[in-house]
Each structure stands twice: as C-alpha cells, then as structure tokens.
Amino acid sequence: KVITVDFGGVYMNATVYLNGEELGFHPYGYTAFSFQLPQELLDFEGENVLAVKVDHRTPSSRWYSGSGIYRDVTLTVTDPVHVERQGTHVTTPDLAENQANPKVHVETTVQNQGDTQVQAVVRQSVYAAGSEEPVVTLPEASLTLEPGGKQTAAQESTVASPKLWTPDTPNLYYVKTEVVVGDAVVDTYTTEFGFRWTNFNTTNGFTLNGVAMKLKGVCMHHDQGPLGSEAWYRAIERQVEILKEMGVNAIRVTHNPAAPALVEIAN
C-alpha cells in the first residue's frame, strides 16, 4: 500500500518526522500538505511515532493565527494505482445554454506508484446527493500507466433536467470514480459538485443561473472566538448558519486559504 499523512494546516514552519527520520518541511501555516510514509521507515510489528515540530515566529501576522496543528490530520491508504490527490475536475460546460440536458465533463488523473506497467480502467457515475442510484453512467476510459507515471482520462455524458444549485436550494451531486485493474477495484473516489453558472457584467452585475443577485458578503477570519483557531466542523457550520440568518450569501476569507470544511459547509 501507499500511505500518506495529510495535514489540513499547521501553523507554522512545520517539520514532520517518522520514527526519528525527517519526512519534510512546510513553512506556510494556512495550506494543506501531505507526506508519504516510506515503507523502509515503518515498523509493521510494533509502534510508529509521527512527530511534528512547529517553529512559531512571533509576530508573524496582524491577526490571530493560532499555533500548532489546528486542522484535521488524516491517513490516506491506497493501492499503488489510485486517483491522484485532488485528481478529479468536474465541469458543466454548456449548462447556461442547455439546462434540460447539460453535459458533465470529468477529467481524472490516475497515478501508478508501482514498479510495473499497468492497464487500468476508469469507471464513473453521477449521483444526486443522498441517492444510491446513479442519474447517469459515463463511458469507461482505458489507461496505460508506466511505473511512476500518471495519465488523465477525460469522460463526458449528459444529465437530464438536473436540479440547479442556489444558496436557498443547495442541490448537490457527486461523481463516484472507480479505478479497476484486472477484475479488482483498486480505488474508489468521490467528488462533490453542483449544477450552476455565474456571470459578471456591467449591465446586471453578478448573476447566478441567469438571475441577478446582490452579493451580501462578509469578510471572515478563520478563528472561532474563544475556541481559538481550531477548525471544528460544527463551530464553522454554526458560524455559517448565523451568517445566513443575517442575510449573508457570500464570504470572503481573510487573508489566507480557509479550512476545507468551510467550503463543504458553504456548498
């Protein structure tokens, strides 16, 4: 297996060690980063120690930054052949002109971290959120992956009469991606998206799905008051609920990338 440790954010100058050996360094406190855990450093019989050293320089900002590991940390375990990290890109290119039967275009990058050439098949279906029956299945794509290489598959199909996304009716869909080698599904990956289109012009300002909309926005730091800067999902969700009760429909995150949870909650 390929094992990575994924940090949502560590403030700041983070050096990560596995069993006393340095894996890498990430200086910026507001972006996610990952390190692969080398097989030769892992103890498969006993205990493994993953250590994070933070060098917090003060002052380092003019707002409250927090310190240390303040966003989610996860382990990702995959087969050598898998969808690349954040390796899918979903668009609806003709939705504005064709709302009855729009295209869903998916580009998927598949990575081979094994030692041999592999023939892989990419299978994908589109689902409405909460449904177990696909609204459409995309054509399969075949890839020849060299050792250490990667390739991108482009697949496309149409969805009949999808429900549009708006702030008041946040209809969501997701693409389920399966990577098949031989007869085995070696990776399953989901990507959330919505059917909506936006436009800015000098006549109507901002429009969402062809309807003029005033942006009623706030600028919001990442900290959660007395909870500090720890990115608790429910705390962020509560914050967004209060903003919506105020009539807010747009958020500008100040001055740095926000926790991925905020994007999910806003969706």
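Start with the surface. In this predicted model, the accessible surface of the protein comes to about 15200 Å². Carbon and sulfur atoms account for 50% of that area.

**The whole chain**

Zoom out and show the C-alpha trace. Along its principal axes, the trace spans about 60 × 55 × 30 Å. Switch to a cartoon. The protein has two helices and 21 strands. Of the 267 residues, 39% are buried. Residues 24 or more positions apart make up 65% of them.

Colour by charge next. There are 18 positive and 31 negative charges. Their mean positions lie 12 Å apart.

**A three-stranded sheet**

Select strands S9, S10 and S14. In what order do they run across the sheet? The order is S9-S10-S14, in an open sheet with antiparallel pairing. Look at the edges: they are strand S9 (81-91) and strand S14 (150-158). Each has a single partner strand, so one side of each is left without a neighbour in the sheet. From one strand to the next, the twist averages 20°.

Keep strand S10 (residues 103-112) and S14 in view. How many bridges link this pair? Nine bridges, in the antiparallel sense.

**Two asparagines with positive phi**

Go to Asn-13, in the loop between strand S2 (10-11) and strand S3 (14-18). Its phi is near 45°, a positive value in a residue other than glycine. Is Asn-13 buried or exposed? Asn-13 counts as buried, because its relative accessibility is 15% and the cut-off for buried is under 20%.

Move on to Asn-19, in the loop between S3 and strand S4 (21-26). Here too phi is positive, near 50°. Asn-19 is partly exposed, with a relative accessible area of 31%.

**Two cis peptide bonds**

Select Thr-58 and Pro-59. A cis peptide bond joins them, with omega about -5°. Pro-59 sits in the loop between strand S6 (50-54) and strand S7 (68-69).

Then jump to Thr-254 and His-255. What kind of peptide bond joins these two? The bond is cis, and omega is about -5°. Where is His-255? His-255 lies in the loop between strand S21 (250-253) and helix H2 (260-266). The tour ends here.

Definitions and conventions. Residues numbered from 1 in each chain as written. Predicted model: local features only at pLDDT ≥ 70, side-chain atom pairs only at ≥ 80, totals over all residues. Heavy atoms only, no water. Helix = DSSP H or I, 4+ residues; strand = E, 2+ residues; numbered from the N terminus. Buried < 20%, exposed > 50% of the residue type's maximum accessible area, 1.4 Å probe, protein only. Pairing = 2+ DSSP bridges. Axes fitted to C-alpha atoms, helices over the stretch in contact; angles between N-to-C directions. Contact = heavy atoms within 4.5 Å. Areas by Shrake-Rupley, 256 points an atom, 1.4 Å probe, with all protein chains shown as cover. Lys, Arg positive; Asp, Glu negative; His and termini not counted. Charge placed at Lys NZ, Arg CZ, Asp CG, Glu CD.
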